[in-house]
Amino acid sequence: MKIMSTKRLTVTLIITSLTAWVARAAPAGTQTNVAPQAERILASACQYLQEMPYFGLTAEIWREHVTSSGQKLQFARTVNMEVKRPNRFHMDIASPHSQRGFWYDGKSLTVLDKQPGVFSMAPMPGTLDAAIDKAHDELGIDLPLIDLAVSDPYKNATAKVVTGAYYGLSPVLGVDCHHLAFTQDNVDWQVWIQDGPQPLIRKFVITHKTEEGAPEFTALITVWNITERISDSDFEFEAPRGAMQVEMRSAQTRMNEGGSGKALAAPKSK
């Protein structure tokens with residue numbers, strides 16, 4: 001839940017990366033004003049998430065783009081994610097324009113671009129937190145919602161919070177949820193947490209208030225799977241028939257090329 005990190009997934013993807021809820025320590029002297037009820041409910045949801053040994057989810061995410069004329073456009077993707085603590089995740093991201101898969105098995109990260117059918121692998125540290133950092137910092141890979149898998153989601157979510165408020169119960173897809181809203185220097189964010197004994201996060205909205213037009217990132221988690229045990233084999237990559245392995249390009253390489261291009265190098269012409 002990294003809505004505030006500049007190091008990890010800086011909600012621009014989350015989000016683009018969601019997903020970007022991993023943050024660093026708040027600057028010295030930062031004053032916070034968070035309503036006790038908002039703090040308690042968020043802490044409960046993060047603790048519940050942190051204690052899950054494994055989980056799966058399906059989410060619809062929307063990212064706004066503000067045109068030069070000021071018109072706001074929404075672009076949607078579907079995310080399917082599986083996590084097994086402490087060191088495995090699998091994610092599929094699908095949109096009308098691309099389909100990509102990500103596998104982390106505790107040793108390496110594999111990225112598959114299903115069209116045109118290329119994949120690449122990179123060695124990774126042995127924990128989710130460290131692998132998320134390396135994927136972002138060295139490879140420039142921002143994974144929506146991946147911050148739901150970090151080891152301390154509450155600390156990461158609140159590190160740069162300035163204010164927090166509670167706005168009562170509100171339905172999300174027919175499920176009663178607690179509506180919380182928080183502010184930070186560069187973003188405002190809202191989260192809807194399921195009422196009852198399973199405080200699951202059902203929705204969140206991030207507003208990039210310092211960017212022109214204040215574009216929003218929205219994630220709606222439509223399915224949670226917290227009971228079905230996930231096998232280690234689900235996190236092992238098997239190359240599809242005909243897929244070609246290519247070089248994984250670092251973030252620095254792409255920056256040197258003008259900040260454009262994908263993490264996967266294009267296949268070389270024969």
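**Exercise 1.** Determine whether Cys177 is buried or exposed.

Solution. Buried means under 20% relative accessible area, exposed over 50%, and partly exposed in between, with a 1.4 Å probe and protein chains only. Cys177 has a relative accessible area of 0%, so this residue is buried. Cys46, at 0% relative accessibility, likewise counts as buried. With a disulfide taken as a pair of cysteine sulfur atoms within 2.5 Å, the count is 0 disulfides.

**Exercise 2.** State where the pLDDT is below 50.

Solution. The model is predicted: local features need pLDDT of at least 70, side-chain atom pairs count only at pLDDT 80 or more, and totals for chains, interfaces and linings use all residues. Residues are numbered from 1 along each chain as its sequence is written, and side-chain values use heavy atoms, without hydrogens and water. The pLDDT (the predictor's confidence in each residue, from 0 to 100) averages 85 over the protein chain, and 81% of the residues score at least 70. Over residues 1-31 the pLDDT is below 50. Over residues 266-270 the pLDDT also stays under 50. Where pLDDT is low, the predicted coordinates should not be read in detail.

**Exercise 3.** Classify the ring pair of Phe119 and Phe237.

Solution. Rings of Phe, Tyr and Trp (its six-membered ring) pair if their centres lie within 6.5 Å; planes under 30 degrees apart are stacked, over 60 edge-to-face, and the rest tilted. The structure holds 6 aromatic pairs. For Phe119 and Phe237 the centres are 5.0 Å apart and the planes at 45 degrees, so the pair is tilted. Both residues, Phe119 and Phe237, are buried. Ring pairs join Trp103, Phe119 and Phe237 in a cluster.

How values were computed:
Contact = heavy atoms within 4.5 Å.
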